[in-house]
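Grab a pencil and open the viewer. Here are some exercises on a sheet, some ring pairs and the nonpolar cores, each with a worked solution.

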Amino acid sequence: MAYFQSKPDARRHFLHIPGPSNVPDRVLRAMDNPTMDHRGPDFGAMGKQLLAKVRKVFKTEGPVVIYPASGTGAWEAALVNTLSPGDRVLMCETGWFAHLWNEMAERLSIQADFIKTDWRRGADVEQIAERLAADKGHAIKAVCVVHNETSTGCTSRIDEVRKAIDAAGHPALLLVDTISSLGSMDYRHDEWGVDVTVSGSQKGLMLPPGLSFNAISAKAIKASETAKLTRSFWDWKPMLAANATGYFPYTPATNMLYALDTALDMLLEEGLENVFARHDKVAEATRRAVRHWGFETQCQEPRHFSSVLTAVRLPEGHSANDLRATILQKFNMSLGNGLGQLNDRVFRIGHLGDISELQLVGALGGVEMGLRAAGIPHKAGGVQVAMEYLGGNA
């Protein structure tokens, strides 16, 4: 059985969840190659080239460590390599994934100061600045921020978080989750002074799930030398030593690395700025359709709008889960569900990775037909509004 579906359906499945995203045919073909000897000379040459190439997407001159894991593993690697039991970190509850990262910190015996928000905007930079300014003894060892909160469609301004840390004269490390934004939205590890950037393969990098990343600053490497949290599989030290010659300290996900190499080529061939502009365009078209239908986006701060997904709030009394089920059953399209406190309150339209104007028009058409089929009151014509914008006629 190559591909499982709960019911036979000859139609193309439209995947518009906020990740895993669609994997381009070119990337799938790259995976379909013989597995290489991961101790042989060809692998070492490929590894060195790949590890150099991946830095361009993070916009860093420093090392990027690649794990055969999900983004959750990269979260843990970032924490255990830089912190010790009992250390304090400052986090901002921008949504479900920030909440999960906070839970992980607590399970690792890290004390997390959690700034609460309404889940309708990015990180509260003013509160971060206030907490750091009040921390005269520098007990806070790291500030952890989710760049793009996949549960809400809100993006945090990492450049402003860095300015807040610097203005407070605070030595805290800056740890940033870019699992859903890397490769789709502008991100600058070095320029924004990030110490550890966490990411995953299955979103903007257009790969299947299975790889995760830590981009690491010199300051973070220095912190790892005295960090006391237990680590073995996640330890940067043997990874960095082996990576210097293009190899890994344990068996890597060889065929996924083939895929990564090809996906990076695709991003760099298009040009990162063009990739970001493409995502900005389809995101704005989506928001225009949503407003025309008469709905709110979950994100209420325009400066924090995400370019990789739009979370749509339905009116009271209407089930987002029922709408998603209707769209899947009638039109064979998957949309993202609401997470945590947003369960059944919102549905999420993913427009990231291998996405084009025509793909988006199809997705929005599926949503509009689904709204009508589900009997949810809305103003028809949202797809036309999006098309006018995408065609340059808005």
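**Exercise 1.** Find how E11 and strand E12 pair, and over how many bridges.

*Solution.* Start with residues 309-313, which make up E12; E11 pairs with E12 in the antiparallel sense over 2 bridges. Strands (E, at least two residues) and helices (H or I, at least four) are DSSP runs numbered from the N terminus, and two strands pair if DSSP finds at least two bridges between them. Next, pick out Thr-297: its bridge partner in E12 is Val-312. Then look at helix H10 (residues 272-293), which packs on the sheet and touches E11, E12 and strand E14 (346-350). The direction of H10 makes about 10° with that of E12. Contact means heavy atoms within 4.5 Å; axes are lines fitted to C-alpha atoms, for helices over the stretch in contact, with angles from 0 to 180 degrees between N-to-C directions.

Before going on, a word on the source: this is a predicted model, where local features need pLDDT of at least 70 and side-chain atom pairs count only at pLDDT 80 or more, while totals for chains, interfaces and linings use all residues. Residues are numbered from 1 along each chain as its sequence is written, and side-chain values use heavy atoms, leaving out hydrogens and water.

**Exercise 2.** Work out the strand order of the open sheet, then say which strands stand at the edges.

*Solution.* Reading across, the 5 strands run E1-E13-E14-E12-E11, with mixed pairing. Strand E1 (14-16) and strand E11 (296-297) each have a single partner strand, so one side of each has no neighbour in the sheet.

**Exercise 3.** Classify the ring pair of Phe-58 and Phe-213.

*Solution.* The structure holds 9 aromatic pairs. Rings of Phe, Tyr and Trp (its six-membered ring) pair if their centres lie within 6.5 Å; planes under 30 degrees apart are stacked, over 60 edge-to-face, the rest tilted. Here the centres are 6.0 Å apart and the planes at 55°, so this pair is tilted. Phe-58 sits in helix H2 (residues 41-58) and Phe-213 in strand E10 (residues 212-216), so the pair ties together parts 155 residues apart in sequence.

**Exercise 4.** Which residues have the most contacts inside the largest nonpolar core?

*Solution.* Such a core is a set of buried Ala, Val, Leu, Ile, Met, Phe, Trp, Tyr and Cys residues joined through side-chain atoms within 4.5 Å. Buried means under 20% relative accessible area, exposed over 50%, partly exposed in between (1.4 Å probe, protein chains only). The largest has 85 residues, and Leu-79, Trp-101, Val-143 and Leu-260 have the most contacts inside it. Helix H9 (residues 254-270) gives the most to this core, with 8 residues.
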